[in-house]
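This report goes through a few local features of one protein structure. Please look over the sequence and the model before reading on.

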Amino acid sequence: MNQKILITALVLVVGLSTLAVLEVSNGFISGLVFDQIPYNYTAKVWIPPTHPDDPNSSSLGGFYKINGKGKDFQFYLKLSGAEESESPLDYTAEGLNGTGRIEEIKVTSGTIYSLLTQDVRGTMFNTIFHGYMNMTCAAWTGVTYFKNDGKNFGGNFTIDGTMTDWEGNYTLKWETFRIAATADYLWYPNNQKSVAKRVQRTYYL
């Protein structure tokens, strides 16, 4: 009887140790739990004027939605009235659509606290993960790869347009009441990177 108890205890210890190793190394348990969770989030987005000192330069506002279940999600961005001032090759009233996947996710103590306090943004910034999203808008397609390692949250992107291409990176920072997305990218006519122009802008989510 004592031998059976000892064997059971050893099996339990080995099993828990294996799960602990899997969780620390690749978020095994977090991934299993996260795969069962549906989510739906909507928030405002604001793009400041390109030239703040120019009275003719206006800002853009709208909203974005993220919904999904587990590691697979959909993204939608709508900028109100932008189709009236933007080229139909760059933006139309249909907005930007994205389909993404979170390839790895690891829950931290900060994640749990944010969930308990119903802090969606805190949950996003305190959880370790990485993944990608394919995007379509107007006449272009693109892809972005993102990563949050617990200290830095950002990614890179490439966009293939009809007449123009873009590529660059971005960093997300959590401010008091909003998320600031600082982008540093190049844009240039198709396959003419030698004449690329650099742009640095901040968007607010």
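What covers the buried residues of H3? The model is a predicted one, and in it the cover includes helix H4 (120–126).

Helix H3 spans residues 109–116, and its buried residues are Gly110, Thr111 and Ser114. Seen down the axis of H3, these buried residues fall within an arc of 105°, so they line one face of the helix. An α-helix has 3.6 residues a turn, so residues three or four places apart point the same way. The other side of H3 carries the exposed residues Ser109, Tyr113, Leu115 and Leu116. After H3 comes glutamine 118, with a positive phi near 55°.

Lysine 78 belongs to strand E3, residues 72–79. Lysine 78 is buried but has no salt bridge. Two distances from its side chain are listed here.

Leaving aside residues up to four places away in sequence, lysine 78 touches Gly61, Gly62, Phe63, Tyr91 and Ala93.

The largest nonpolar core has 33 residues. Those with the most contacts inside this core are Leu77, Leu79, Leu96, Phe146, Leu172 and Tyr185. With residues up to four places away in sequence not counted, phenylalanine 146 touches residues including Phe73, Ile102, Phe129, Tyr132, Met133 and Tyr170. Among its other contacts are Arg101, His130 and Gly154.

Notes. Residues are numbered from 1 along each chain as its sequence is written. This is a predicted model: local features need pLDDT of at least 70, side-chain atom pairs count only at pLDDT 80 or more; totals for chains, interfaces and linings use all residues. Side-chain values use heavy atoms; hydrogens and water are left out. Buried means under 20% relative accessible area, exposed over 50%, partly exposed in between (1.4 Å probe, protein chains only). Helices (H or I, at least four residues) and strands (E, at least two) are DSSP runs, numbered from the N terminus. The arc is that of the directions from the helix axis to the C-beta atoms. Contact means heavy atoms within 4.5 Å. Lys and Arg count as positive and Asp and Glu as negative; His and the chain ends are not counted. A salt bridge is a side-chain nitrogen of Lys or Arg within 4 Å of a carboxyl oxygen of Asp or Glu. A nonpolar core is a set of buried Ala, Val, Leu, Ile, Met, Phe, Trp, Tyr and Cys residues joined through side-chain atoms within 4.5 Å.
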